[in-house]
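Dear colleague,

I am handing over the structure that we spoke about, and below it you will find notes on what was found. Please open it beside this message and follow along as you read.

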Amino acid sequence: MQVTVLGAGSMGHGIAQSSAMAGYDVVLRDIEAERVENGIEEIRQNLEGGVERDKVSEAEMEATLDRIEGETDLAAAVSDAALVIEAVPEDMELKKDVLSDVEAETDAETVLASNTSSLSVTEMASALEHPERVVGLHFFNPPHLMDLVEIVIAEQTDDRAESFAVDYVREIDKEDIVVRDSAGFATSRLGLVTGLEAIRMVEEGVASPADIDEAMKLGYGYPMGPIELGDHVGLDVRLHIAEHLREELGERFRPPQALRQKVRAGKLGKKSGEGFYVWEDGERVGMSGDWGDDE
């Protein structure tokens, strides 16, 4: 079975890697050849890291890479796919356009999935002639390491597409939860509440970002604290999701002023080198602002 992933960024190439490691033939498509090449190179580096940690064998690495094909032409990328997963930026109109273009190049049996973390899958599906084959597959970053995939069932999703999505997630050795389409689903809604409150605590001087994060890791078993997670996800992404959920669900999702200020200053987290923490070569090396050393 062929899986096509649209978008070769951090989410897209991770989804492609997970699918290929499970034995699927994968086409990784982006609009520019350089983006596709960079995505495949990231997969190679991930696998090489797995080999170094004895998590992946050399043979498994080579077999995985052999199953991945890069492509820039949309029609060629999706024509033989049983499943197409879009992993383009979180913009509703863009996602609608992408899914509509895919529908025109595939038959009605191909399942179409969105990797959205908060946008309405029902609204996306409404743009298609066959909305019943659309489902949400919300992977978590980094997809090749995180166990959970949130399967989002739109109002139009039929039983076949739902069953197909569940089977696929389990075949790639992930854990699934199935939720009905609603603003923020289950995970983004709950995770964002914690992240926004943590930022408010920083605003109010309750504790440093590092101490808040450490409290949630040691006290509640979080693998990563909510403020550091925001830096990983991107503070601009956090802000966008918060504004969307505020519009849909009310003032409890109002973004803190400190989050807005970070985004206005271009301090977006790990990807820009500074957010609530300072980052160098992808590693956390200190805290931003007046909090002192990150110990």
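Arg260 has a relative accessible area of 18%, and because buried means under 20%, Arg260 counts as buried in this model, which is a predicted one. You will find Arg260 in helix 12, which runs over residues 257–264, and, once its neighbours within four places in sequence are left aside, Arg260 is in contact with Leu239, Glu243, Arg246 and Pro255.

The UniProt record, an unreviewed entry, lists residues 184–279 as "domain: 3-hydroxyacyl-CoA dehydrogenase C-terminal". Over residues 184–279 the chain is 62% helix and 3% strand, with the end C-alpha atoms 28 Å apart.

The unreviewed UniProt entry also carries the annotation "domain: 3-hydroxyacyl-CoA dehydrogenase NAD binding", which covers residues 2–181. That span is 43% helix and 22% strand, and the C-alpha atoms at its ends lie 26 Å apart.

As background, nonpolar side chains in soluble globular proteins tend to be buried together. In this model the largest nonpolar core has 33 residues, and the members that touch the most others are Leu83, Ile85, Leu137, Phe139, Ile151 and Tyr168. Apart from that core lies another, of 23 residues, which includes Leu6, Val78, Leu119 and Val134.

Which residues does Ile85 contact, leaving aside its neighbours within four places in sequence? They are Val3, Thr4, Val5, Leu6, Ile15, Ala113, Asn115, Leu137, Phe139 and Tyr168.

With best wishes

Notes
Residues numbered from 1 in each chain as written. Predicted model: local features only at pLDDT ≥ 70, side-chain atom pairs only at ≥ 80, totals over all residues. Heavy atoms only, no water. Helix = DSSP H or I, 4+ residues; strand = E, 2+ residues; numbered from the N terminus. Buried < 20%, exposed > 50% of the residue type's maximum accessible area, 1.4 Å probe, protein only. Contact = heavy atoms within 4.5 Å. UniProt positions renumbered as here; feature names shortened; annotations may be inferred. Core = buried A, V, L, I, M, F, W, Y, C linked by side-chain atoms within 4.5 Å.
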